[in-house]
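Subject: The structure I promised you

Hello,

Here is the structure I said I would pass on, with my notes below it.

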Amino acid sequence: WRSCPWRKAPPRPFELTADCNPTEKAQEPRAVQLRQQVSRKAEETVVDEFLSPGKFVRRTLNGAGFRTQIRTAGEPAAASRVSTYSIDVTKDYFELGKPFDFNEVVKGADGTVASDINTSVAFDGAVNVEVGGCAYALTKIIEQSHGSVRGIAGSNQAERWYSRDLKTSLYTRNEEGDGSIVETRARAISTSFTPVE
């Protein structure tokens with residue numbers, strides 16, 4: 001663990017570089033590079049996901065790994081969209097490893113509903129993955145979701161390999177109801193980077 005400074009206490013921020021392969025329905029996949037900056041505290045984790053230079057989405061997660069807020073680059077913190085849940089999200093369901101269901105409603109600062117999603121979560125064992133010279137035990141999570149985003153109904157299935165140590169996923173595969181797929185796999189991790197803010 002001495003060679004893995006992001007594992008030391010207190011948790012240090014780190015940056016993940018990942019290969020992202022979006023595949024639109026009936027099209028060839030295209031490869032893009034994705035970066036995530038992850039800042040962890042006991043009570044919350046902040047993840048900045050860079051879609052392109054200078055453009056990012058910020059997700060704030062609570063101590064149990066549930067998203068509480070989301071906003072995009074250029075928006076003030078007061079404009080963050082806020083999530084509310086049908087379950088007690090202070091409970092660490094991911095540690096328990098038992099299937100569970102929940103509803104998440106995301107509202108803008110003006111109270112407008114941005115999304116209303118029902119999700120079923122199941123666990124499919126564990127895998128070991130090496131990134132940046134460190135091995136991680138990852139929990140394989142399967143999520144089935146359906147609901148509406150900006151008034152448009154849809155569904156998707158997601159497979160995530162989640163690290164409770166890093167408080168983020170090192171592999172994800174999202175398949176939308178229309179057949180489009182986005183696969184993201186972490187390939188490097190570093191504590192040397194310039195934070196977005």
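Two strands are said to pair if DSSP finds at least two bridges between them. Strands here are DSSP runs of E with at least two residues, helices are runs of H or I with at least four, and both are numbered from the N terminus. Please keep in mind that this is a predicted model, where local features need pLDDT of at least 70, side-chain atom pairs count only at pLDDT 80 or more, and totals for chains, interfaces and linings use all residues. Residues are numbered from 1 along each chain as its sequence is written, and side-chain values use heavy atoms, with hydrogens and water left out.

Let me begin with the end of the chain order. Strand 11 and strand 12 are antiparallel partners with 5 bridges, and T172 faces T184 of strand 12. The two strands make a hairpin with 4 residues between them, where G179 in the turn shows a positive phi of about 95 degrees.

Strand 1 (residues 14–23) is joined to strand 12 (residues 181–190) by 9 antiparallel bridges, and D19 is opposite R185. Strand 1 also pairs with strand 2 (residues 32–40), again antiparallel, over 7 bridges; E15 has Q37 as its bridge partner there. Because 7 of its 10 residues are buried, strand 1 is largely enclosed by the rest of the structure (buried is under 20% relative accessible area, exposed over 50%, partly exposed in between, with a 1.4 Å probe and protein chains only).

S169 sits in strand 11 (residues 168–176) and counts as buried at 15% relative accessibility.

Now the rings. There are 14 aromatic pairs in the structure (ring centres of Phe, Tyr and Trp, the last by its six-membered ring, within 6.5 Å; planes under 30 degrees apart are stacked, over 60 edge-to-face, the rest tilted). One of them is the edge-to-face pair of F66 and Y93, at 6.1 Å centre to centre and 85 degrees between the planes. F66 is in the loop between strand 4 (55–62) and strand 5 (67–72) and Y93 is in helix 1 (residues 93–96), so the pair ties together parts 27 residues apart in sequence. Both F66 and Y93 are buried, and both belong to an aromatic cluster that also includes Y85, F94 and F100.

Enjoy exploring it!

Best wishes
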